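Please look over the sequence and the fold shown here before reading on. The report takes a few places in turn and describes what surrounds each of them.

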Amino acid sequence: MSNRQARPLAWRTRMRAGYLYITPCGDTPDAICLREAAVAPGAPDNAGIVAFFWDLDAAMMHFHADLRTRLLDLNRRAYRADMVEAAAALDAIELQHHRTYLAPALAASPALADATERLHHKHQRWRRLFDWVGIGALILLFLMSLLPL
């Protein structure tokens, strides 16, 4: 078996499954930290939401894309956002995931459902835009192929 044939297996093993959860960040009043765990953390005392993702790195990238303008510290994964906004960003990630815990205060908040729905619509608008750009490029390519050389 050559080295070239073994390569596809190597990139498949890099995907890590695990849990992401959001906690308040130390003594900073309006900051949250995104944490990860390989095994289920249960219901941490101060966690707002815990969700299982099949690809942790992609999930962290999507979370960061929604809250990138509020980044405080990249090493601690600290963001200046309230718990509702951060929980909505984690729950609205368009990857396959399973929410395993939601804090009772967040579950009772209608703002969480509204913020999650707003982020879902934002993601759908961007996806629709890229679909239309792709369709336009295909039409342009087809029309260019009809031109005589």
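## About the model

This is a predicted model, in which local features need pLDDT of at least 70 and side-chain atom pairs count only at pLDDT 80 or more, while totals for chains, interfaces and linings use all residues. Residues are numbered from 1 along each chain as its sequence is written, and side-chain values use heavy atoms, with hydrogens and water left out.

T23 has its place in strand β1, residues 18–24, where strands are DSSP runs of E with at least two residues, helices are runs of H or I with at least four, and both are numbered from the N terminus. T23 counts as buried because its relative accessibility is 4%; buried means under 20% relative accessible area, exposed over 50% and partly exposed in between, with a 1.4 Å probe and protein chains only. Leaving aside neighbours within four places in sequence, T23 is in contact (heavy atoms within 4.5 Å) with residues including I32, R35 and M83.

I32 lies in strand β2, residues 32–37, and is buried, with a relative accessible area of 2%. I32 and G48 are 16 residues apart in sequence, and their C-alpha atoms are 9.6 Å apart in space.

## Helix α5

## The largest pocket

A pocket is an open set of points on a 1 Å grid over the protein atoms alone, with protein on both sides within 12 Å along at least five of seven lines, and its lining residues have an atom within 4 Å of a point. The lining of the largest pocket includes M61, H62, K122, H123 and W126, and α2 and α5 each supply at least two of the lining residues.

Key: On a 1 Å grid over the protein atoms alone, a cavity is a set of points where a 1.4 Å probe fits but cannot get out, and a pocket is an open set with protein on both sides within 12 Å along at least five of seven lines; lining residues have an atom within 4 Å of a point.
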